[in-house]
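Here are my notes for you on this one. Have the viewer open while you read, and click on each residue as it comes up.

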Amino acid sequence: MTPTLYPLVQGAHLTPLAPDAPACVAKRSVLGHDAGEALLVQPGFEAAPALHALCAQAAREHPQAWSWDGQEARAARLGWAVSVQGRLRAMEGADAATGEVLAALPTEWRLAGLLALAFEEDLAVLDGTSGCVPWMAVCLPSFWVPREKIGLHFTAIHAPVADNTLLMQQAARRIDQVTQGAAHERFVWTLTSHALLDAHPVRAARHPWPTHLSPQALMQRTWFRHERQTFLPLPSSRQAMFTIRVRVQPLTEALHTLPGLAERLHHALATMSEAVLAYRGLTPVRDMLLEGLAWAAGIPHDPGESVAGGGHNLG
């Protein structure tokens, strides 16, 4: 598992949300019912400098959706403002559901809560000095538990990932690269039977694969879950703000909207190691998905296709 890092030459780190957007609704539910599992900090870590830097970045990227004067952040689409002290202020067109959730948060978390609801991305701080992740605002994890990762070193966080040898060997260089250098982005994906944006293992367990279906019918019950991750370097503190934008599409829809995806997914599955297949929960349906993807891509399908470790990064 070695998702390639690309320099972020164009494009933004953040994606504005409206109050009725699916990601905003999902995040509001998590922050309203399970905020203690989403908003996490290692004892003693001061997140304000990184958080304020992200507020300034958001204002530069999306001035019509977000403004920041160093003392107060204003999310125009949500209709709410939060000061650095955590004071909550309603603006014109304030969304009542958002205000209720923000008001229930501890004052020290309201600015992070406003960022979490105003933008599609989940957030975390990577500290380059310690190599640890001491702060998170993660509402929509992809089958992992944020509380289990807070405060851990980069290598410990990625230890459960299959085929991670190269990632581990390059950890120190990667940490320096994203905290001291230019902005970067990377892309990861999986196929799943789970349709919801919130894939926290406790809140939303994985659905069993319907292995009794035909390959074509299975494709109709499969979802393409993909993430765009960015690193906003904060060189003065040797930190980086890590953003994670999660999107989930029915696989058949994704195949129609993303040219060449069926062929690329077919190649990825055909070259994926047994360890990665097991890690992603794809072992029971790998052959069926290969057949369905071959049909969708219009390429010959070899039922005896062997699994070999290799290139399964679509980024």
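1. **What you are looking at.** This is a predicted model, so to speak of a local feature we need a pLDDT of at least 70, and side-chain atom pairs count only at pLDDT 80 or more, while totals for chains, interfaces and linings use all residues. Residues are numbered from 1 along each chain as its sequence is written, and side-chain values use heavy atoms, with hydrogens and water left out.

2. **Confidence.** The pLDDT is the predictor's confidence in each residue, from 0 to 100. Here the protein averages 91, and 91% of the residues score at least 70. Over residues 306–315, though, the pLDDT is below 50. That stretch still has 37 contacts in the model beyond near neighbours in sequence, a contact being heavy atoms within 4.5 Å. Where pLDDT is low, the predicted coordinates should not be read in detail.

3. **The largest core.** Which residues have the most contacts inside the largest nonpolar core? They are L31, W66, L114 and W135, in a core of 64 residues. A nonpolar core is a set of buried Ala, Val, Leu, Ile, Met, Phe, Trp, Tyr and Cys residues joined through side-chain atoms within 4.5 Å. Buried means under 20% relative accessible area, exposed means over 50%, and partly exposed is in between (1.4 Å probe, protein chains only). In soluble globular proteins, nonpolar side chains tend to be buried together.

4. Have a look around W66: leaving aside neighbours within four places in sequence, W66 is in contact with C55, A58, A59, A73, R74, A75, L114, L115, A118 and F119. There is also a second, separate core of 24 residues, which includes A254, L261, A268 and L289.

5. **Helix 4.** Helices (H or I, at least four residues) and strands (E, at least two) are DSSP runs, numbered from the N terminus. Nine of the nine residues of helix 4 are buried, so this helix is largely enclosed by the rest of the structure. The buried residues are R110, L111, A112, G113, L114, L115, A116, L117 and A118.

6. **Helix 11.** Why is helix 11 (residues 261–270) described as largely enclosed? Because seven of its 10 residues are buried: L261, A262, L265, H266, A268, L269 and A270. What covers them includes strand 9 (184–192), strand 10 (223–234), helix 10 (251–257), helix 12 (274–279) and helix 13 (286–297).

7. **Cavities.** On a 1 Å grid over the protein atoms alone, a cavity is a set of points where a 1.4 Å probe fits but cannot get out, and a pocket is an open set with protein on both sides within 12 Å along at least five of seven lines; lining residues have an atom within 4 Å of a point. Grid points are joined across faces, edges and corners, and a volume is the space filled by probe spheres set on the points. How many cavities of 30 Å³ or more are there? The count comes to two. The largest has about 50 Å³ of space and is lined by L5, L126, F154, R174, I175, V178, R186 and F231. Helix 8 (residues 171–180) gives the largest share of that lining, three residues. The second largest cavity, about 30 Å³, is lined by P16, L17, A65, A75, A76, R77, L78, A118 and F119.

8. Of its 18 lining residues, E46, A47, A48, L51 and E108 are the closest to the centre. Helix 2 (48–61), strand 5 (80–83) and helix 4 (110–118) each give two or more residues to the lining.

9. **Three single residues.** Q57 lies in helix 2 and is buried, with a relative accessible area of 13%. Not counting residues up to four places away in sequence, Q57 touches H13 and L232. R280, in the loop between helix 12 and helix 13, counts as buried at 7% relative accessibility. R173 is found in helix 8 and is partly exposed, with a relative accessible area of 49%.
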